[in-house]
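Open the structure and keep the sequence beside it. The walk below goes through ring pairs, charges over rings, a surface patch and some backbone details.

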Amino acid sequence: MGLVGSFLGVIGFAVGIPLGLLVGFFLFVYSETKHVKDPVVRPISELGPNALQELLPEIPLWVKTPDYERVDWLNKFLLDMWPFLDTAICKIIRSTAQPIFAEYIGKYQIKAIEFDKLSLGTLPPTICGIKVLETNEKELVMEQVIKWAGNPNIVLSLYVSSLKITVQLVDLQIFAAPRITLRPLVPTFPCFANIVVSLMEKPHVDFGMRVSGGDIMSIPGLYRFVQDTIKRQVAKLYLWPQTLEIPILDESTVEVKKPVGILHVNVVRAHKLLKMDFLGTSDPYVKLSLTGDKLPAKKTTVKRKNLNPEWNEKFKLVVKDPQSQVLQLQVYDWDKVGGHDKLGMQLVPLKLLKPYENKEFTLDLLKDTNLNETPNKKPRGKIVVDLTFVPFKEDSSKFGGSSEGYSRKESGIDIVSDDEVQEGAGLLSVVIQEAEEVEGDHHNNPYAVLTFRGEKKRTKMMKKTRHPRWNEEFQFMLEEPPQHEKIHIEVMSKRKNFSFLSKESLGHVEINLSDVVHNGRINDKYHLINSRNGVIHIEIRWKVV
């Protein structure tokens, strides 16, 4: 039976193939062709969202969200620069990885770890969209969406005992949405001190890994485990609010220094001053200031016809850098007519002072700061001053010393309450940054006038502009917090030539200081009253000693 069945199978195969080809030929020749309909063409606007999604599976962000901008020029720049960026980045990877590899040499019988091949490929990342965020701080914030489907050639060799194990990274794909912040903005090139990077969402990283030629990512469950681990570790390090900070400039040299404390100066007395008047006397007074401070110097009263004056007058000076600033003391003879004669001067470096410690100095007056001045010259007398440096409460941790008598702490933690807010002297700093859309009826030469407790201060005038940028700071030394007080700021415009309409108001605003006292700082933009679209940017800080 087996022989007969095999024989019949061969006969059927030999007859069936020619017969099938013959029937198919006659059907193809004599069958009628059907009419093919033309495809329906409709405008894209008439298609539904599902059809659009199938036609355009990856719509760029600059199409979907208007606040993202297309940056084809930047992608073209990356494409042209990529060969050079590839080489530079690979050098950084090699130098960074070398000490990490060195830690494992000798462990687990590892003899050497090195890159056999290291290249990021020929395809650069693509920036799908970018947007710039506005803030009230001195910083520039940008958000991008970056996609990179690269073709890198990265081969790492591990020499374990007598074996060589090669690890190759293939088919790398990265999708990330980083936020890049340039801060603080400074007037020194490249005009920012740090680059701060954070991720706004967990990144998607996809890749293949071959170990000695075999794809280990095909092991069931390993791919998902690696994906979750990478997302979790990267998110732990860089997902907002976590950041990666890259220093560009030394902030100590470029950043605008902020007040850190108050220098209490008591000008006590002077001895044996020079005789400058015809009658053998002088009319002395003292000017005192700190180096690096643009504020006007403070002055004592004039002691008429006195070579041994007693002042006992107290002053407060704002300190920004106690390690480098110097107190300048200059003694003058007051004259009713003409310039005042200089009797002598002296300098006191603030680094000689310990925080909260009162120290008395008896100083010989010098003609100038020339250290080569011969000691046999005529003595100019002495001056006696008491000095105390008191840091602000928030900066007290930077300095040593005891703060007893200046602040109250419990268990090492500052106690902030409404009752405590009512006490203590401090410094109120008002920074008038800029204004927008300020427009006068007759002229646009805006300047700002600040009024607080009856004292008026004004910024410089900006000519012919509706968007003045002043960036001027005004300071007020107060004996108690301005808990229930307000600051009045008015934007004015002044015609340079004399006329009946030489001044006009462009708008004003009143700011309640209670929030500043409780929060320490506010930085906001305010709409100007009696102005159509005017806005002014104000920063106010309150620091307690």
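A charge counts as sitting over a ring if NZ of Lys or CZ of Arg is within 6 Å of the ring centre and within 35 degrees of the ring normal. Keep in mind that this is a predicted model. Arginine 458 gives one such case. Its charged end sits over the ring of tyrosine 447, 4.0 Å from the ring centre. Lysine 457 gives another. Its charged end sits over the ring of phenylalanine 476, 4.5 Å from the centre of that ring.

Now turn to rings that meet rings. A pair of aromatic rings is described by the distance of the centres and the angle of the planes. How many aromatic pairs does the structure hold? There are four. Tryptophan 82 and tryptophan 148 form an edge-to-face pair. Their centres are 6.0 Å apart, with 70° between the planes. Tryptophan 82 lies in helix H4, residues 72-102, and tryptophan 148 in strand E3, residues 140-149. The pair therefore ties together parts that are 66 residues apart in sequence. Are these two residues buried or exposed? Buried means under 20% relative accessible area. Tryptophan 82 has 6% relative accessibility, so it counts as buried. Tryptophan 148 has 11%, so it counts as buried too.

Tyrosine 285 and tyrosine 332 pair in another way. Their ring centres are 5.8 Å apart and their planes stand at 20°, so the pair is stacked. This pair also links distant parts of the chain. Tyrosine 285 is in strand E12, residues 284-290, and tyrosine 332 is in strand E15, residues 326-333. The two are 47 residues apart. Both tyrosine 285 and tyrosine 332 are buried.

Next, go to the surface. Leu237, Tyr238, Leu244, Ile246 and Ile248 form a nonpolar patch there. Together they have about 390 Å² of accessible area. Which elements give two or more residues to the patch? They are helix H5 (222-238) and strand E10 (244-247). Isoleucine 248 lies in the loop between E10 and helix H6 (251-254). Its relative accessibility is 36%, so it counts as partly exposed.

The loop between H5 and E10 holds proline 241. The peptide bond that leads from tryptophan 240 to proline 241 is cis, with omega near 15°.

Another cis peptide bond joins phenylalanine 189 and proline 190. Here omega is about 10°. Proline 190 sits in the loop between strand E6 (178-185) and strand E7 (192-199). Cysteine 191 is found in the loop between E6 and E7 as well. Its phi is near 75°, a positive value in a residue other than glycine. Cysteine 191 has 39% relative accessibility, so it counts as partly exposed.

Finish at arginine 453. This residue is not a glycine, yet its phi is positive, at about 55°. Where is arginine 453 found? The place is the loop between strand E22 (446-452) and strand E23 (455-458). With a relative accessible area of 45%, arginine 453 is partly exposed.

How values were computed: Residues numbered from 1 in each chain as written. Predicted model: local features only at pLDDT ≥ 70, side-chain atom pairs only at ≥ 80, totals over all residues. Heavy atoms only, no water. Phe/Tyr/Trp six-rings, centres within 6.5 Å; stacked < 30°, edge-to-face > 60°. Helix = DSSP H or I, 4+ residues; strand = E, 2+ residues; numbered from the N terminus. Buried < 20%, exposed > 50% of the residue type's maximum accessible area, 1.4 Å probe, protein only. Patch = residues over 30% accessible without salt bridge, like charges linked within 9 Å, V, L, I, M, F, W, Y side chains within 5 Å. Areas by Shrake-Rupley, 256 points an atom, 1.4 Å probe, with all protein chains shown as cover. Salt bridge = Lys/Arg side-chain N within 4 Å of Asp/Glu carboxyl O.
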